[in-house]
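Reader: I am new to this structure and would be grateful for a close look at a single part of it. Please take the salt bridge as the subject and describe its surroundings in one connected account.

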Amino acid sequence: MFKKGNFSLINNYRPISNLSSLSKAFERCIVAKLRKIDHDLLFGPNQHAYKPFSSTTTACLTIQDYLATNLDLGKIVLLYTIDLSSAFDVLRPSLMVKNLIELGVDKTLVRVILSFLSDRTGFVDIEGHCSDIIKFEVIQLYQNS
């Protein structure tokens with residue numbers, strides 16, 4: 001699906017996944033298990049996205065409070081921002097698995113997630129023109145963990 005920019009550049013498109021109802025239900029079960037993990041441990045205290053009762057509003061209020069508090073104390077404050085909108089177009093399962101293990105997520109759940117992400121295939125369809133079917137490789141560095 002087209003995102004933005006030049007129509008002729010492949011990087012300006014994002015994938016659409018057509019998953020079965022069973023697959024969607026399974027994903028929700030995995031997410032429910034992961035949500036039971038301490039969010040500050042998993043994301044850090046300054047993470048606002050994908051966290052209950054947090055949003056861009058809470059992120060802006062946190063930044064505003066930090067800036068005001070430190071400016072009132074006479075400190076020099078710098079604010080650096082970065083656009084990570086394209087960072088979510090790519091998932092590195094091997095890195096994700098490593099991080100989940102380091103965070104203490106149950107190894108059986110980590111193996112289930114890795115298995116769920118493994119052996120996937122896909123293709124690109126732009127206006128009826130289809131690419132060859134490709135297999136998405138997942139490096140299974142932690143399958144024996």
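Author: The structure holds 1 salt bridge, a term for a side-chain nitrogen of Lys or Arg within 4 Å of a carboxyl oxygen of Asp or Glu. This is a predicted model, in which local features need pLDDT of at least 70, side-chain atom pairs count only at pLDDT 80 or more, and totals for chains, interfaces and linings use all residues. Residues are numbered from 1 along each chain as its sequence is written, and side-chain values use heavy atoms, with hydrogens and water left out.

The two partners are Glu102 and Lys98, whose side chains meet at 3.1 Å, N to O. Side chains of opposite charge can pair when their charged atoms come close. Both residues belong to helix H4, which covers residues 93–102; helices are DSSP runs of H or I with at least four residues, numbered from the N terminus, while strands are runs of E with at least two. Glu102 and Lys98 stand 4 residues apart, about one turn of the helix.

Their accessibility may be described next. Glu102 has a relative accessible area of 56% and is therefore exposed, whereas Lys98, at 31%, is partly exposed. Here buried means under 20% relative accessible area, exposed over 50%, and partly exposed in between, with a 1.4 Å probe and protein chains only.

Elsewhere, Asn18 lies in the segment before helix H1 (21–35) and is exposed because its relative accessible area is 76%. The C-alpha atoms of Asn18 and Gly122 are separated by 9.9 Å, although these residues are 104 residues apart along the chain.
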